[in-house]
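Please take a look at the structure shown here. Some questions and answers go with it.

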Amino acid sequence: DMPYFALGYVAPFPALAARITKPGPVGAAGVAVGVWVYAYYLVPAVFGMSLPDGHGNYMSGDPGKLIVNTGTLSAMDVNLYWLRRLARMAVDTPAVLAVIFLVLPRGETPITYMGAHTLYSYIFHSHIGFQLWRPALLQAVGVGVVENFAVHVVIVLAHIPFCLAVMAVLTSSYWRMLWSWAISPEWLSVIFTPAAPKPATKPAAAPGAAAPPPGPP
């Protein structure tokens, strides 16, 4: 994920937003559909294989299966497998920028306040939201193996309110109060901030010393 964070730090987003005109609702919806087609149909058709995910090491998921199966990849393919992740980042970046500048609203929204605290949700969403809460929710609803396409679409769309709920909890003041000591450690400033120098004071005059002559009028 670090290249994406680096892009966020170095890219002049305010200047680009001032130059790029955001389309209306219909145009934004068209861009969103185009990004979906690009990500799920065009990119797989061009590469012909599943590119590695930005999370985890190369031994996880489909990349791990390819690397472990030495009959599928040559030694050179294994040694240069990092280029596939680089390719994944290269093809993901245009889609992300299109969504940021042409789809997402630029004004204040009810969830804008979460933006300042997304580090909390980024750190905890995988373990809390998707490894703990989602399985418990699916078990409570009684969802098993889904083979019906319409039901599958409904379940996928249900992830939108679920993700918003996870964001709301993990960026709330109550959750931040539990973990701010480690994620936003203001107590470190007390340790590492040097003390302000004391103002210099004039030495006191010795007892019985003559007063300085008065200055010119």
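This is a predicted model: local features need pLDDT of at least 70, side-chain atom pairs count only at pLDDT 80 or more; totals for chains, interfaces and linings use all residues.

Residues are numbered from 1 along each chain as its sequence is written, and side-chain values use heavy atoms, with hydrogens and water left out.

Q: How many helices and strands are there in the protein chain?
A: Helices (H or I, at least four residues) and strands (E, at least two) are DSSP runs, numbered from the N terminus. Along the sequence, the pattern reads α-α-α-α-α-α-α-α-α-α. The count is ten helices and zero strands.

Q: What percentage of the 217 residues in the protein chain is buried?
A: Buried means under 20% relative accessible area, exposed means over 50%, and partly exposed lies in between (1.4 Å probe, protein chains only). By that rule, the buried share of the 217 residues is 15%.

Q: Is arginine 88 buried, partly exposed or exposed?
A: Arginine 88 is found in helix 6, residues 82-102. Its relative accessible area is 25%, so arginine 88 is partly exposed.

Q: What does helix 7 span between its end C-alpha atoms?
A: The expected span of a helix is 1.5 Å times one less than its number of residues. Helix 7 covers residues 118-141, and a straight helix of 24 residues would span 34 Å. Helix 7 spans only 28 Å.

Q: On which residue is the kink in helix 7 centred?
A: The bend at a residue is the angle between axes fitted to the seven residues ending there and the seven starting there. In helix 7 the kink is about 65°.

Q: Which helices do the buried residues of helix 7 pack against?
A: The buried residues of helix 7 are Tyr120, Ser121, Phe124, Ile128 and Gly129. Contact means heavy atoms within 4.5 Å. The partners are helix 8 (149-170) and helix 9 (173-183).

Q: Which residues of helix 8 are buried?
A: An α-helix has 3.6 residues a turn, so residues three or four places apart point the same way. The buried residues of helix 8 pack against helix 7 and helix 9. They are Phe162, Val166 and Leu170.

Q: Where in helix 8 does a kink of about 25° lie?
A: The 22 residues of helix 8 should span 32 Å, and its end C-alpha atoms are 32 Å apart, which agrees. Helix 8 still has a kink, shortly before proline 161. The kink lies at isoleucine 160.

Q: At which residue in helix 6 does a kink of about 25° lie?
A: The 21 residues of helix 6 should span 30 Å, and its end C-alpha atoms are 31 Å apart, which agrees. The kink comes shortly before proline 94. The residue is aspartate 92.

Q: Which helix gives the largest share of the lining of the second largest pocket?
A: On a 1 Å grid over the protein atoms alone, a pocket is an open set of points where a 1.4 Å probe fits, with protein on both sides within 12 Å along at least five of seven lines; lining residues have an atom within 4 Å of a point. The lining includes Arg134, Leu137, Val151 and Phe162. Helix 7 and helix 8 are the elements that give two or more residues to this lining. The largest share, six residues, comes from helix 8.
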